[in-house]
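I opened a new notebook page for this structure. I wanted to look up its contacts one kind at a time.

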Amino acid sequence: TMWTHYDLQSNGAVSNRLYQRADGSVAVVATMSHEDNQTVQDRGTGYNYAQGGDMGNWLEAPEMRAEANATGDDLRTGWPTIAPYGQKGELLVKHTSGLNYWIRETAGEGQWDGPHSIPNPTGLEYPFSMSWPRVTTSGPNNDIIHVVAAAQHQVSSEEMINAQFYCRSTDGQNWEVSYSPLEATDEHIGIYSADDYAIASNGDVVAICYSTVFYGDVVVM
């Protein structure tokens, strides 16, 4: 389906890198680079699609990142995460400097509309810039978007603060960005880090799971 030299696909929990439609069709993404070096200037989203779920009938392996097939700027990105969006479309979320997303009306074909930005949180003690996203969609037409992400802020040479965030959009344009629901127990800062989380949906039910190898609990919401 695709190949990459970039093998750091995740710091921890695996992202939402595939989904399956009702007709069986499967879309997959990965952090892709075809450069055999440490700079990976071509890093971006490798994408492929199997119509009807025929695993022997993928599209051609991508030669360039999906961001190059978009209405806006071709950005170097990482940590792509994908979900169905609308009746026939799909949605990609990745990090650059902050979080960006791309939408297209028909899965597996056509040009991506984007990049669009998910705004970073404002009015907080520290200027957090979100990274390492996970996306899922809910509702009868997959039109409610849910994103979990983390952010880090270097307070000093000896102190790094990790924070967890939740982003929600009902129209694909406007976003509510807040601390993770972990804020209710004061666990949204300093415990969970990059990729210490997963998100999934089933109809109108959305679940988030947090876990860490160091000193936190496994939490499902």
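How many disulfides does the count come to? I took a disulfide as a pair of cysteine sulfur atoms within 2.5 Å. By this rule the count is zero disulfides. The sulfur of Cys167 has its closest cysteine sulfur in Cys209, 18 Å off, which is too far for a bond. Cys209 is therefore in no disulfide either.

Before going on, I noted the ground rules. This is a predicted model, in which local features need pLDDT of at least 70 and side-chain atom pairs count only at pLDDT 80 or more, while totals for chains, interfaces and linings use all residues. Residues are numbered from 1 along each chain as its sequence is written, and side-chain values use heavy atoms, with hydrogens and water left out.

**Entry: burial of the cysteines**

I called a residue buried under 20% relative accessible area, exposed over 50% and partly exposed in between (1.4 Å probe, protein chains only). Cys167 counts as buried because its relative accessibility is 0%. Cys209 has 28%, so it counts as partly exposed.

**Entry: aromatic pairs**

A pair of aromatic rings is described by the distance of the centres and the angle of the planes. I paired rings of Phe, Tyr and Trp (its six-membered ring) if their centres lie within 6.5 Å; planes under 30 degrees apart count as stacked, over 60 as edge-to-face and the rest as tilted. The search of the whole structure finds eight aromatic pairs.

I looked up Tyr47 and Trp112 among them. Their pair is edge-to-face, with 5.8 Å centre to centre and 80 degrees between the planes.

Next I checked Tyr101 and Trp175. Their ring centres are 5.3 Å apart and their planes are at 65 degrees, so this pair is edge-to-face. Tyr101 is in strand β6, while Trp175 is in the loop between β10 (159–169) and β11 (176–179), 74 residues apart. Tyr101 counts as buried at 3% relative accessibility. Trp175 counts as buried at 14%.

I also found a cluster: ring pairs link Tyr126, Phe128, Phe165 and Tyr179.

**Entry: salt bridges and charges over rings**

My rule for a salt bridge was a side-chain nitrogen of Lys or Arg within 4 Å of a carboxyl oxygen of Asp or Glu. The whole structure gives four salt bridges. For a charge over a ring, NZ of Lys or CZ of Arg must be within 6 Å of the ring centre and within 35 degrees of the ring normal.

Which side chain meets Lys94 in a salt bridge? Glu67 does, at 2.5 Å, N to O. Lys94 lies in strand β5 (residues 89–96) and Glu67 in the loop between β3 and β4 (78–85), so the pair ties together parts 27 residues apart in sequence. Lys94 is buried at 1%, and Glu67 is buried at 1% too. The charged end of Lys94 also sits over the ring of Trp102, 4.0 Å from its centre.

Arg104 has two entries as well. It meets Glu90 in a salt bridge of 2.8 Å, N to O. Arg104 is in strand β6 and Glu90 in strand β5, 14 residues apart. Arg104 counts as buried at 6%, and Glu90 counts as buried at 0%. The charged end of Arg104 sits over the ring of Tyr47, 4.8 Å from the ring centre.

I noted Asp74 and Arg65 too, whose salt bridge is 2.8 Å, N to O. Asp74 is partly exposed at 40%, whereas Arg65 is buried at 14%.

**Entry: backbone details**

A cis peptide bond joins Gly114 and Pro115, with omega about 10 degrees. Pro115 is in strand β7.

Asn142 is not a glycine, yet its phi is positive, about 50 degrees. I placed Asn142 in the loop between β8 (130–138) and β9 (144–156). Asp195 has a positive phi near 65 degrees. Asp195 lies in the loop between β11 and β12 (197–202) and is buried at 0%.

Key. Helix = DSSP H or I, 4+ residues; strand = E, 2+ residues; numbered from the N terminus.
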